[in-house]
Amino acid sequence: MRTDSELIAESLNQSTGFGQLYERHAKTIHRYAARRVGATEADDVMSETFLIAYQRRANFSLESESALPWLYGIATNLLHKHRRLEAAAWKTLAATHEPAVAPDVAQAIGSRLDAQIAVATLASAICRMPARDRDALLLYAWGDLDYEGVAEALGIPIGTVRSRLNRARRVLRAANDRNPLPEEEVHDGRVDSASQGA
Amino acid sequence: MDELTLLRKVRDDVEEPTSDALDAGSNALQQWMVSHPSARKTRTHRARRVAGWTVLGTVAAIGIVVALVATNILGLAGWRGGASAAAADTLGDAALAAVNNSDPTVGPGQYLRVATDAVDSVTTDGSRPGSFVGYLTEETSQVYVPANLRDNWVWFQEAAKPYKTFGAESAAAAAKNYRNILSGPEHGVEKLRAPGGRFYSAPPTVSPAALATLPRDPYQLLNYIYRVNGTSGSSPDQEALVYIADTLRSGLVPAGLRAAMYRAAAMIPGVSVIASEATLDGRTGVAIGRTEPSDHLRQEIIIDPSTGLLIGERMVTLVAQSGLPAGTALEWTAVTTSVVDSAPAGGTQNGAFDVEGCTKIPHGFHCPQG
């Protein structure tokens, strides 16, 4: 399979390449946007992300094989237009009686009520967080990017990513300390190792 | 469960985009790509070949091209009919005149100056979701080609300014775009200077050296064009005329090859006289063109049959599209060539890229984000 950067290089002087990039990543960008602002707005964000990406394709660093961090970065900027909507979504999550996690997750936390309190605490903290910390956090947690990917997406040095993520996680932990989660481990190698390194 | 693990589970069940939403996004992208084959034209050579396959009707001819290229036995030229009789006559006259009116000589230290006045269409998003707003911009440029082709070539391009708008929203979009361009680091004129015409660190798309290698026999030339075009463009015949227009508009085509190009155009099926008196940029000639049914675009070349000179070329849309009304010339270029004793000073090899502080990487430039 050809890499993203090969497709983009081809699209620089031919009419092909970019359509495949859309096929490959549209759903992923949609999912990230939908988690932040809901499925309806996510349709627009997905479409606009690729239009902008096409217009700026000459700026894509062909050294990066995957275009996902770059696309996430464009989508993240577009999501800023929907900041109020996103804030409302987090507030709703903080106030709702629905835990917004799958039943097995709720069970792992303890009970449906425990899960609801845990998610509400988290949502309330994320809602109050500075936008730049929230962007870094959500690209890391939902975009599944590593530090380098977040740095590329946001166009910031990797050290800045580290400090933003550390700060975001401190805020979440502090909120959690006020409403502690039951200590039942769900093992996740990536998160565990990242938390040790943070 | 730590807070990051929990966060990763939150809203994990969001719906996938519907197939309608995926199609809408894909269509918007395709439409943009077709109307903007070269999105940052200051970043690349003016590659304005119209892109995109639109219709099934072209598939048969494409199949022929692919088969012929694969077998390398027979060309497409000459056995499927040709231009209308009137168009063939005009092109024949122009070819004769081109040969009889020899090109001006560029002496040592002198330059061939190619001045172009080009109009292009721009399409942007309208205020309503899914709507498009179109307008036309005009851009003048001068290329100075040295007598010794290895010396510095100079290329000055003025910023594209609004040329024609279609309604209030279109006018506002055009004005906003122009303000953005003028506020940019290029200050409205991009200046390039590069040995051998290697602007943007790439070889010139049309160069005298490459033109010298093209066949002078019209039949062989047309077959060559079909072959190098391959399956690009909306149909092999349309793309052949587009190739001829693109090449002629460089202003670098010597008289003998220009004559062969006119005769080659006379062998393309569907080519006819569009207007016996067509005015482009104040000069009048005969418009010879071909309409592509699959995308409703008409490619024209405007020539002066009495001198064999190319006045310019244009691409007209016969239907309303991308925010532009039917009958609009989506792009046109008028070309004037002359021999001059000097070229202006200033300019760097990568023009705006150098001004913006970009670095050259394989296949492109890496620019600071902003």
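Predicted model: local features only at pLDDT ≥ 70, side-chain atom pairs only at ≥ 80, totals over all residues.
Biologist: What makes up the secondary structure of chain A, and what of chain B?
Modeller: Helices (H or I, at least four residues) and strands (E, at least two) are taken as DSSP runs numbered from the N terminus. On that basis chain A has 11 helices and zero strands, and its pattern along the sequence is α-α-α-α-α-α-α-α-α-α-α, whereas chain B comes to 10 helices and 12 strands.

Biologist: Why is helix 2 of chain A described as largely enclosed by the rest of the structure?
Modeller: A residue is buried if 20 or more other C-beta atoms, placed from the backbone, lie within 10 Å of its own, exposed if 12 or fewer, and partly exposed in between. In helix 2 of chain A, 14 of the 20 residues are buried, so the helix is largely enclosed.

Biologist: Where is the kink in helix 2 of chain A centred?
Modeller: The bend at a residue is the angle between axes fitted to the seven residues ending there and the seven starting there. In helix 2 of chain A, residues 18-37, there is a kink of about 50° centred on A:His25. Just after this helix, A:Gly38 takes a positive phi of about 95°.

Biologist: Why does B:Leu91 count as buried?
Modeller: B:Leu91, which is found in helix 4 (residues 85-100) of chain B, has 29 C-beta neighbours inside 10 Å and therefore counts as buried. Two residues are in contact if their C-beta atoms, placed from the backbone, lie within 7 Å, and, not counting residues up to four places away in sequence, B:Leu91 touches B:Ala83, B:Tyr262, B:Arg263, B:Ala265, B:Ala266 and B:Ile288. The C-alpha atoms of B:Leu91 and B:Gly308 are separated by 8.7 Å, although these residues are 217 residues apart along the chain.

Biologist: Why is B:Asn152 called partly exposed?
Modeller: B:Asn152 has 17 other C-beta atoms within 10 Å, so it is partly exposed. B:Asn152 lies in strand 3 (residues 152-158) of chain B, and its contacts, leaving aside neighbours within four places in sequence, are with B:Pro146, B:Arg193, B:Ala194 and B:Pro195. B:Asn152 and B:Gly197 are 45 residues apart in sequence and 6.8 Å apart in space, C-alpha to C-alpha.

Biologist: What makes helix 7 of chain B roughly perpendicular to helix 9 of chain B?
Modeller: Axes are lines fitted to C-alpha atoms, for helices over the stretch in contact, and angles run from 0 to 180 degrees between N-to-C directions. The axes of helix 7 (residues 218-229) and helix 9 of chain B come within 8 Å and cross at roughly 75°. That makes the two helices roughly perpendicular, given that angles under 35 degrees count as roughly parallel, over 145 as roughly antiparallel, 65 to 115 as roughly perpendicular and the rest as oblique. The contact is made by B:Pro218, B:Leu221, B:Leu222 and B:Ile225 of helix 7 and B:Ala260, B:Met261, B:Arg263 and B:Ala264 of helix 9.

Biologist: What is known of phi at A:Asp144, and is A:Asp144 buried or partly exposed?
Modeller: Phi of A:Asp144 is near 60°, a positive value in a residue other than glycine. With 14 C-beta neighbours inside 10 Å, A:Asp144 counts as partly exposed, and it is found in the loop between helix 8 (131-141) and helix 9 (147-154) of chain A.

Definitions and conventions:
Residues numbered from 1 in each chain as written. Chains lettered and ligands numbered in written order.
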